[in-house]
Amino acid sequence: MLAEKPFLLSRNKPLSKREIAQALRWAIEAELDAISFYEQLAELIEDEKIRHVFYDVANEEKEHVGEFLALLLEIDPELAEYIKKGFREVEEETGIKAKL
Ligand SMILES: [Fe+2]
């Protein structure tokens with residue numbers, strides 16, 4: 001993941017607020033990818049104890065998504081408004097009411 005965003009590795013000045021938001025989006029992307037990775041592996045493992053550990057780690061990654069998302073919404077309140085708008089549109093169009 002970081003190899004695809006090398007500018008993060010060689011900076012000599014602090015990230016701007018906009019760059020921090022980008023870093024948080026990349027972090028969320030990495031966590032979501034990790035969840036898929038661990039769950040896909042878990043589904044292939046017959047040993048119940050080992051499979052349980054993979055699902056447990058996947059759940060930890062879900063918490064990490066929440067941590068990074070909380071930070072992202074704090075520094076990018078406009079994103080929070082767009083997310084709320086998306087939730088409202090889904091509810092209006094389908095009746096599905098998403099909750100956090
Ligand atoms: Fe993580």
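Helices here are DSSP runs of H or I of at least four residues, and strands are runs of E of at least two. By that count, the protein chain holds three helices and zero strands. The model is predicted. From the N terminus on, its elements run α-α-α. The radius of gyration is 17 Å, well over the 13 Å that the globule rule gives for 100 residues, so the chain is more spread out than a compact globule.

**Overall shape and packing**
- The C-alpha trace spans about 45 × 45 × 20 Å along its principal axes.
- Take the contacts between residues at least 6 apart in sequence: 48% of them join residues at least 24 apart.

**Annotated region**
- UniProt lists residues 24-85 as "domain: Rubrerythrin diiron-binding", in an unreviewed entry.
- That span is 94% helix and 0% strand.
- The end C-alpha atoms of residues 24-85 lie 21 Å apart.

**Helix α3**
- Helix α3 covers residues 77-94, which is 18 residues.
- At 1.5 Å a residue, α3 should span 26 Å; its end C-alpha atoms are 26 Å apart, so the two values agree.
- The expected span uses one less than the number of residues in the helix.
- How many of the 18 residues of α3 are buried? The number is zero, so α3 lies largely in the open.
- Buried here means 20 or more other C-beta atoms within 10 Å of a residue's own.
- G95 follows α3, and its phi is positive, near 85°.

Notes:
Residues are numbered from 1 along each chain as its sequence is written. This is a predicted model: local features need pLDDT of at least 70, side-chain atom pairs count only at pLDDT 80 or more; totals for chains, interfaces and linings use all residues. UniProt positions are given in the numbering used here, feature names are shortened, and annotations may be inferred rather than shown by experiment. The radius of gyration is taken over C-alpha atoms; the globule rule is 2.2 Å times the number of residues to the power 0.38. Two residues are in contact if their C-beta atoms, placed from the backbone, lie within 7 Å. A residue is buried if 20 or more other C-beta atoms lie within 10 Å of its own, exposed if 12 or fewer, and partly exposed in between; C-beta atoms are placed from the backbone.
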